[in-house]
Amino acid sequence: MALQKYTFRIQRSIPVQGGGVQTKWQDFPVESEPNVTVLTLLEEIKGQQDGTLVFRQSCRSAICGSCAMWISGRTRLACKTHVGAVAKNGVVEIAPQKNQPVLKDLAIDIRPFFKRVHGITPYLLDGPEQNSTVTKSAYDQVNHVTQCILCGACYSDCTMAEVSPAFVGPAALAKAFRFVSDPREGRKSQRLADLCQPSAIWSCTRCTMCVDVCPKEVAPMEAIVKLRTRAMARGYTGSAGAKHALAFHEDIRRGGHLNEFTLMMRTLGIWETLKETGTALHLAKKGKVPSPFPHTVAGVEELRRMYDHLEQFPIEVETKAKEAVPE
Amino acid sequence: MKSHDLLIVGAGLSGMRAALEGAKAGIDVAVVSKVHPLRSHSCAAQGGINAAIDARDKWEVHAYDTVKGSDFIGDEDAIDLMCQEAPGIIHEMDRMGTPFSRTERGDIAQRPFGGASFDRTCYAADRTGQVLLHTLWEQLVKAGVHVYEECHVFRLVTSADGHVAGLIVYDIKTGQLFPLRSKGVLLATGGYGRVFLSSTNATTSTGDGMACAYRAGAPLGDMEFVQFHPTGLRTSGILVTEGCRGEGGYLINASGERFMGRYAPQKWELASRDVVSRAEQTEIIEGRGTNGAIFLDLRHLGRERILERLPQVRQLAIDLEGVDPIFEPIPVRPTVHYSMGGIRTDKFGASPLPGLFASGEAACTSVHGANRLGGNSLLDTIVFGKVTGGHASQYVRKEGLRDFPPQAMQEEQARIADLKGRAGQGVRPFDLRNRMAEDMNTYCGVYREPVGMAKMAETLPGLRQDYDKIHLDDKSEPFNTDLLRAVELRNLMDLAECIVKGALAREESRGAHYRIDQPERDDVNWRKHTLAHWDASSETARLSYEPVRTVGNPEYTPKTRTY
């Protein structure tokens, strides 16, 4: 393949006195074949053009998780991203991971991310729920989450983390799922109860961004959805998220329609709902208040039979990651 | 000045396992690592970890395979210890939560590996190192061991009476240099693959611990034995696990011939790594390769087996070589992979320097001798992490803190100031490292000959002079990776000299060290370990030798090694 000209447009950050960083964009010209990795070219830039350029890297083979950075619109591992796949009109834009403090150039402060991982008690616990035997299928179940290398790409592109810094985030929750699903774990119920606290499993909006950006096909959102199912199956239905899900469930089963008039009350309770009186009046003024008596849809009988069937034969939720194609 | 009972450098498998042992012993143990523990290169190990856990297997057989694999220069006491401890280590890792691949019955699955007479390699698909690393990290968090993360060790400090006194550490995040005192130091810093241009190793595998120990007066053992892995990707050198051949993969040349039968008529692709790498190199030299590579063919294994057992390797081949192994053979070539040599220790990981311990790839214990068997390095890291961690913990209980010479800090500060202070356009560290590494590949490769090795030995002093002219762009403090690369390069250069001198002196062929002019093993004169000592006045290596530690087992008597 022939050499092509590319411009690496890199967001540079320098720490300033008193905290924070000063940021500018800088262009570096490189010549390369399109199938060379972004990391290789960053190394060339550092080695031959500007030794002050800072980025983390180590294994070069997508297993150590050091080089996750924002490249042309999303967070990727620089070591497995081909320059030709991410250049737009010959320009590759590179910035540090988002949702996290920047130390210098492309190096972020990884401590807040790991603090979240520490927060889910990231090790097996002894306890009454420990199984003495393990089966092959038990391992197949956690296989996708144990592929996680904690590179932080999912957290960087998480739409919930962007608006709610308290959110535990996809990677830590995927790790939590790994313990909840392990036959050797002794405190599964306690973990599920803890995960129903605010800013954990019920805060995910299921936007699938984490599934899309994960370089290791971990599908964190799938793990989050499974954690919700398991928490509810064990009776942890007290959280707003669980109540919201149950309200949907009841309405659809009853009449095939959502009763939006009572939905908020059933999710948040009377007291929290009363606080939203202003919003309700505003909606009423615009004629947007839903009817408290929704009609029953045609064919609801069939819907109920589907519910009965699913209750008898539950299926595991599976969110397929995009087909792995070379980037 | 901060102090701890025991400082462990490196947070890969061996360092973390040693730290757990320290925590269990109740001593004040801390870990220093230049990367976050989960970024350690142990994660890149793919294929598996050996242990005689099957009722039909025996640790004695595992030990014999290892002695034979080492080409009869491994230390037999350490090999016996490792193979005896192996099953216990696997079950312990399992209890800690390692997601090993399982058989239909739920037992830990095992696959065949090179040089082994039983299918004893336990695995987790093709990411065994990663799952072991994550599991030990979980345990380290549980144990609450303090880790100095992203802190680079610049120097191992000794007291005036020749004991370990502590470390001088550079905090990468802030650019600050600080001393740490301790009664003992355990180096678990991995290998030095970056001495060579083409390597399966991470860019952070720069042999820092070995170089620090060496300059502090601990000898390095058997540095001339450098393992070439038979299947590194042609372009990047990235590892493609031996597990591919364990699962039934073939090696074929440009005309599609499965050539290993001509070199190892019994074991074919599963001969030991030195044998397979030489066979491949011969095929390439004699014109039966393509663009300097031969091919690893997995197509006959079928899509399902590849996706279940070797998913990561498949993705790497797609991402880095543009080849999907389900449909096409993967271009591979022998690539620098592992350093059998390292800080010379006894079977408990103690070096001759009082208070200094080493384990894992950084050490030469020596369980691998002249050639390591696949699946034995993960085992080595964890077994000797445990053994050495326990031994060092006992040692520091009996010792006090030693005097920490104040000039050590000043000298290291001066070194940084010197590197940063040079004006103008000098030599770029990137270029200098490439020049050295390229020559090392050429002259100290799979096949070695005396003229080339001598040439390399003559080139090194010139490169060292160029090092004194290197110029850094980055003069700042936080995250100055420009400075770090320069410090690492100095370490690589000192280690390169030990490799070349050891290789030039060893006038025989054994394991990974193969000389065209001396193709036979010479047990009468050369069944001994090379020791490289730092000569502080000339800043060069001086060699001496010591005998192999034997246990008197008649099975271990050297014989012709065939596969």
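The paragraphs below lead through the chains, strands, cores and cysteines of a predicted model.

In this predicted model local features need pLDDT of at least 70 and side-chain atom pairs count only at pLDDT 80 or more, while totals for chains, interfaces and linings use all residues. Residues are numbered from 1 along each chain as its sequence is written, chains are lettered from A and ligands numbered from 1 in the order in which they are written, and side-chain values use heavy atoms, with hydrogens and water left out.

Chain B has 15 helices and 19 strands, where helices (H or I, at least four residues) and strands (E, at least two) are DSSP runs numbered from the N terminus. Its C-alpha atoms fill a box of roughly 65 × 50 × 50 Å along the principal axes. The radius of gyration of chain B, at 22 Å, agrees with the value near 24 Å that a compact globule of 563 residues would have; this radius is taken over C-alpha atoms, and the globule rule is 2.2 Å times the number of residues to the power 0.38. Of the 563 residues in chain B, 67% are buried, a word that stands for under 20% relative accessible area, with exposed meaning over 50% and partly exposed in between (1.4 Å probe, protein chains only). Among the contacts in chain B (heavy atoms within 4.5 Å) with a separation of 6 or more, 74% are accounted for by residues 24 or more positions apart.

Strand β2 (residues 29-33) of chain B is largely enclosed by the rest of the structure, because five of its five residues are buried. Val29(B), Val31(B) and Ser33(B) point one way from β2(B), while Ala30(B) and Val32(B) point the other way. Strand β1 (residues 2-9) of chain B runs parallel to β2(B) and is joined to it by four bridges, with Val31(B) as the bridge partner of Ile8(B).

Elsewhere in chain B, an open sheet of three strands has the order β3-β5-β4 with antiparallel pairing, two strands being paired if DSSP finds at least two bridges between them. At its edges stand β3 (49-50) and β4 (110-111) of chain B, each with a single partner strand, so one side of each is left without a neighbour in the sheet. Two bridges join β4(B) to β5 (residues 121-122) of chain B, and Arg111(B) stands opposite Thr121(B) in β5(B).

Chain A is divided into domain 1 (7-108), domain 2 (111-233) and domain 3 (240-312), with bounds that come from an automatic or database domain assignment. The centres of domain 1 and domain 3 of chain A, taken over C-alpha atoms, are separated by 47 Å.

A nonpolar core is a set of buried Ala, Val, Leu, Ile, Met, Phe, Trp, Tyr and Cys residues joined through side-chain atoms within 4.5 Å. The largest one holds 134 residues, of which Phe8(A), Leu42(A) and Ile94(A) touch the most other members. Helix α3 (residues 76-96) of chain B gives the most to this core, with 10 residues, and at least three residues come from each of domain 1 and domain 2 of chain A. Apart from this core lies another of 80 residues, among them Leu7(B) and Phe479(B).

Finally, a search of the whole structure finds zero disulfides over all chains, a disulfide being a pair of cysteine sulfur atoms within 2.5 Å. For Cys210(A), the nearest cysteine sulfur is that of Cys204(A), 6.2 Å away.
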